[in-house]
Every structure is written in structure tokens, then in C-alpha cells.
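This report is meant for a reader who is meeting the structure for the first time.

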Amino acid sequence: MTSTSLSSPGATRSRPPLRLGFTLLHLAVMGTFGVIGLGLLVTWLAVGIGLVPLLGIGLLVLAGLLGAMFVVARFEISRIGGLYGIDAVPLRWPARRGPDFGGFIRTLGRAVSESRMWAALGSLVLSCITGTIMLGVLQWSVHFAILSFAPLTGTDTVSGPFNVDTPVNQAPWLMLLAIAGAGIIIATAFLHRSITVGIIGSLARETELTERVRSTAVQREGAVRAAEVERTRIERDLHDGVQPRLVSVAMTLGLAHQQIDSNPEQAKELVAEAHASTKSAITELRQLTRGIYASVLDDRGLDAALSAVAGRSHIPVQLDVQLEGRYPRVAEAAVYFAIAEALTNSAKHSRAQRCQVTVRVRETNGQPHLWARVEDNGVGSAHITAGGGLDGINNRVLAAGGTLLLQSPAGGPTTVEVSVPCAY
């Protein structure tokens, strides 16, 4: 199976929601268990460094620590993304380079060299610190609130949870301290949002820009390759089809010119032969230009153009097209030529008895896409080769910013799916 996919990550929201209750809950958890986790990582680091002289065992321990840190950083990005609605792309473990231990080390080095990992770990540490501060302030705020209610007990002093006897005349001040503590707790929630959204949000924007650059490069490469394949096809069709026929017409007219006086009847036959060859050449030129761009797309739309393709097919084609209105020319052309080339390949190579073509508009990542599926009942085993018909489909679809999926197991069936953005 060959799969080519392009996608663009979403952008961060300009003003993520505060979600005060969930933020305070996150801070409480990070202040309690996060600090314990950081302590375990520090202990892990100390043990690894201490075991380095012992036959290098410490290096294995440190390698495991780096892997654990990668997992923790991935968790932090997912945590902040889920809490504040940031479309942050999670960290992905790089493809392994080599099956041996050296390949694992090189892969680990690539993983930990990514700046997003260390930025996410920094966000986690700051969250743990903020959570610890919040829990401390919460503890003292509750303590002051309890002490402020001493007059209600009818005693001159009250012993708080920390065994501190407090005069009742200090109750108003203690209540103010409790209220101030509550304000600090809420402020820590805002602080947590500002810091983590600033870090994780910037990572999301950086990843988005990187992905856009990569997608643009892939589209440009696909457009260049599609143009090269199309130029090669046109040259081949002209050289193998139209050019020999025009040469034959010229030679036939030359013979007719030589015999026009001595043998008029033979000259007429040669002119008639040249005329028939000229009409055949015109037909071939029309087919060649139809392969460059089908004018029926502009005149009548994708549905009518596909009906014409199905009518010219050498094998029965069942069309199921459900579209409303017109779509951008680039998207319609990419889907049209993908279906036309897929049907041509089925007729030439698959020994199929029938084909099913389905075309719909689907939502992908919040954007409308022209989606088409071509399935035949042939022998299967189709694959993409450089310069082949499927390679031309792939290049056209990539140039239009879409994706192609080919499934063709041995014995069939062969399925070609294309999805092309079609938003105006």
C-alpha cells in the first residue's frame, strides 16, 4: 500500500479560555504528584551518573532517563493542549536508524535534540513550582480563615491547626489575609495559563509554520514532477502518433503532386488518402489536448466530464457522483485526471471487468475536500513507479495540496482514493 498524506496543523487560539476550576485542579495535582515525579527524575539522574564508572551501566540508565523525559514532555504538551484548547502537535518518536543499539542511540539523540521537548519540560517544571506555591498559599489561607472565626467560639484565644494561640481581636486581619490568599491562588491560575500557553502555544505556531513550509515544498516538488511527466507524455504521444502520421501525409501529398499530370486518378486516390490521414491526425491532436486539460470541465463541470470519461472507457464504469455546484478549477482538474488515469490503468493492466467511481465532498480537518474513489475487480499488485500513470496521479494531487492512497493487494481489488482541498 502506498500512502501520501499532507496536512496542516491548526493554529492556537488567540485567547484560550481560563477554565479556572480545571486549572486549579491541574495545579493541585502538579504541586503534589508533579514534584514527586521531578524528584524521581532527579534521583534517576543521580543514580545514572553514579553508575557511569561501573562498566558503563550508568549510560544505559541515563539513556532510559532521556526516553522517560521524552514521554513526560509529550504528556505536558497534551495536557496543556487539552486544558486550554491549543491544537499542539504532540511529540513523535523519530524513525529508528538501524536495528542495532547504535541505531537506537542515534534515534534517541534525534528525539532529545528537539527543542520542543526541552521547552515542554520547562513548562512542566514551572507548573510544578506554581502548583507547590498555590498549595502552600491554600494551606495558610485555610489556616487564617479558621482563626478568623475565633469570636464565634466565645473564647479570648483560639488554637489553630498549627498550635498557635491567636487573640480574637486579630480576626479581621486574619480574614483579610485569607481573602488575600484566595486572590493569590486565583492569580496563580492566570500565571499558569500565561506561562504554559506562551510556551506550548509558541511551539504549536512553530510546528505549524514548519509544517506549512514542508507542505509547500512537497506541493512544489509534486508540481515540478507532474509537469515533467506531462511533458514526457506529450513528447512521446507526438513522436509516436501525430508526427509519423503528418510525415505520412506529407509523403502522400508529394507522390500525388508528382502524378497529378501523368496519372490524375492515382493522384486523386493519394489526395483522398492524405485527407483521411489528416483527419486522423486531427483526432489524435484533440485526444492529446484533452489529456492536457478537458474543456468540458470549464463548460459543464466535473460530473459531466466524468460521464464523458466513463463513456469512452473500454470497461463498464459505474459512476456515483454527488456534487453541488462548481469547485475551484485546480481541485476539479486534479480529481478529473486522477480518475481518468486510474480508469486507463485499469483497462490496460488490471484485466478488470468493471470499475466503480465514487465522488463526494467531505470535511477533513474542518475544510471541504473533493474525495474520489476508483475501485476495479482486477488482478491487483499495482504500485507507483517513477514516470508511470499512478506517479502522474500522485504528482497532480500533491501539486493541488491533496493526498493519494493506493491499495492493491495481489489478486485485487485495486482502490485509488484521492482527496483534494476545494475551499474557495
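Strand 5 and strand 6 are paired in the antiparallel sense, and their pairing runs over 10 bridges. This description, like everything that follows, rests on a predicted model. Within this pair, Arg-362 has His-369 in strand 6 as its bridge partner. The two strands form a hairpin with 2 residues between them, and Asn-365 in the turn has a positive phi of about 55°.

Strand 6 also pairs with strand 8, again in the antiparallel sense, here over 8 bridges. In that pairing Trp-371 stands opposite Ser-419 in strand 8. Strand 8, in turn, pairs with strand 7 (residues 403-407) in the antiparallel sense over 5 bridges, and Leu-406 has Val-416 in strand 8 as its bridge partner. Strand 7 and strand 8 form a hairpin as well, with 6 residues between them, and the turn holds Gly-411, whose phi is positive at about 95°. How much of strand 8 (residues 414-421) is buried? Strand 8 is mostly covered, since 7 of its 8 residues are buried.

|---|---|---|
| Strand 5 and strand 6 | 10 bridges | Arg-362 and His-369 |
| Strand 7 and strand 8 | 5 bridges | Leu-406 and Val-416 |

These strands belong to a protein chain that has 10 helices and 8 strands. Of the 424 residues in the protein chain, 38% are buried, and the chain exposes about 23,400 Å², of which carbon and sulfur atoms supply 62%. When contacts between residues at least 6 apart in sequence are considered, 68% of them join residues at least 24 apart.

Turning to the helices, how do helix 9 (residues 329-350) and helix 10 (residues 389-399) pack against each other? Their axes are 9 Å apart and meet at an angle of about 170°. Because of this angle, helix 9 is roughly antiparallel to helix 10. On the side of helix 9, the residues in contact are Ala-334, Phe-337, Ala-338, Glu-341, Ala-342 and Asn-345, and in helix 10 they meet Gly-389, Leu-390, Ile-393 and Arg-396. Sorted by class, this contact has 6 nonpolar, 2 polar and 2 charged residues.

Two loop residues have a backbone angle worth a separate look. Most residues other than glycine have a negative phi. Arg-351, in the loop between helix 9 and strand 5 (355-364), has instead a positive phi, near 55°. With a relative accessibility of 62%, Arg-351 counts as exposed. Ser-381, which is not a glycine either, has a positive phi of about 65°, and its place is in the loop between strand 6 (367-376) and helix 10. Ser-381 is partly exposed, with a relative accessible area of 44%.

Is Arg-79 buried or exposed? Arg-79, which is found in helix 2 (residues 57-84), is buried, because its relative accessible area is 8%, and a residue counts as buried under 20%. Leaving aside residues up to four places away in sequence, Arg-79 touches His-26, Met-30, Ser-127 and His-192.

Another arginine, Arg-300, has its place in helix 7 (residues 295-300) and counts as exposed, at 63% relative accessibility. Along the chain Arg-300 and Arg-326 are 26 residues apart, while their C-alpha atoms are separated by 9.2 Å. Gly-325 lies in the loop between strand 4 (317-321) and helix 9, and with a relative accessible area of 57% Gly-325 is exposed.

Note on methods. Residues numbered from 1 in each chain as written. Predicted model: local features only at pLDDT ≥ 70, side-chain atom pairs only at ≥ 80, totals over all residues. Heavy atoms only, no water. Axes fitted to C-alpha atoms, helices over the stretch in contact; angles between N-to-C directions. Helix = DSSP H or I, 4+ residues; strand = E, 2+ residues; numbered from the N terminus. Parallel < 35°, antiparallel > 145°, perpendicular 65-115°, else oblique. Contact = heavy atoms within 4.5 Å. Nonpolar A, V, L, I, M, F, W, Y, C, P; charged D, E, K, R; others polar. Buried < 20%, exposed > 50% of the residue type's maximum accessible area, 1.4 Å probe, protein only. Areas by Shrake-Rupley, 256 points an atom, 1.4 Å probe, with all protein chains shown as cover. Pairing = 2+ DSSP bridges.
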